[in-house]
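We will go from one selection to the next, with a short note on what to look for at each stop.

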Amino acid sequence: MTAQGIAVFETVLGHCGIAWGEHGVVGVRLPEGNAARTLARLQASVPDAVETEPPGEIQLAIAEIVALLRGEPRDLAAVRLDYTGVPEFHRRVYELARTIPPGKTLTYGDVAHQLGLPGSAQAVGQALGRNPFPIVVPCHRVLAAGGGMGGFSAPGGVDTKLKMLVIEGALSEQPTLF
């Protein structure tokens with residue numbers, strides 16, 4: 001995976017980042033608190049990339065991500081991803097996760113079962129925890145057994161996962177303690 005460019009863009013959750021190369025998107029970052037931190041984290045993960053104006057295909061991906069996070073139904077399946085260096089099992093998990101539409105969820109066990117690997121829910125969770133393409137690969141749509149949130153390795157953790165599920169309509173509102 002060789003990144004050519006990176007860009008930071010604003011969403012309702014904060015500044016996200018995207019990195020791309022000749023074979024598609026190589027990485028996506030959720031907000032890190034501000035644009036500078038998001039850019040720094042993205043540069044750390046793809047040090048060979050330079051901040052530049054995104055080409056048309058990437059501009060379209062950014063527009064779709066922004067719209068999805070604004071609550072507009074969007075299918076990001078057309079966003080081309082560069083899976084170079086991604087382990088085969090992880091790629092299979094990511095490709096299956098991309099079929100989960102906004103507003104819907106599966107459990108880690110459901111994903112394992114659909115992959116033909118019942119009993120590998122924990123491995124599915126580990127693969128999703130290493131997802132280099134959050135939002136485009138909607139790991140936030142995969143929940144623990146019984147609808148529990150499970151983990152979420154992106155900045156903000158489970159709170160960010162909850163926000164994204166509410167925005168997409170998978171949850172009617174954020175749960176509270178009362």
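Start by selecting Ile135. Leaving aside neighbours within four places in sequence, Ile135 is in contact (heavy atoms within 4.5 Å) with Cys16, Leu30, Ile65, Leu68, Leu69, Leu76, His140 and Met164.

A word on what you are looking at: this is a predicted model, in which local features need pLDDT of at least 70 and side-chain atom pairs count only at pLDDT 80 or more, while totals for chains, interfaces and linings use all residues. Residues are numbered from 1 along each chain as its sequence is written, and side-chain values use heavy atoms, with hydrogens and water left out.

**The core around Ile135**

Together with Ile135, they touch the most other members of the largest nonpolar core, which has 41 residues. Such a core is a set of buried Ala, Val, Leu, Ile, Met, Phe, Trp, Tyr and Cys residues joined through side-chain atoms within 4.5 Å; buried means under 20% relative accessible area (1.4 Å probe, protein chains only). Helices (H or I, at least four residues) and strands (E, at least two) are DSSP runs, numbered from the N terminus. The largest share of the core, 7 residues, comes from α2. Both domain 1 (3–70) and domain 2 (88–168) supply at least three residues each; these bounds come from an automatic or database domain assignment.

**Helix α5**

Next, select residues 121–129, which form helix α5, and pick out its buried residues: Val124, Ala127 and Leu128. Look down the axis of α5: these residues line one face of the helix, because they fall within an arc of 95°, taken from the directions from the helix axis to the C-beta atoms. Show what covers them, including α3 (88–97), α4 (108–114) and β6 (142–143).

**Thr38**

Which helix holds Thr38? Select α1 (residues 35–45) to find Thr38. Thr38 is buried, with a relative accessible area of 0%. Its side chain reaches the backbone nitrogen of Glu32 at 3.0 Å. Beyond neighbours within four places in sequence, Thr38 is in contact with His15, Cys16, Gly17, Arg29, Leu30, Pro31 and Glu32.

**Zoom out**

Finally, show the whole chain, with its 6 helices and 6 strands. Of its 178 residues, 46% are buried.

How values were computed:
Buried < 20%, exposed > 50% of the residue type's maximum accessible area, 1.4 Å probe, protein only. Polar contact = N/O pair within 3.5 Å; in protein donor to acceptor, adjacent residues only side chain to side chain.
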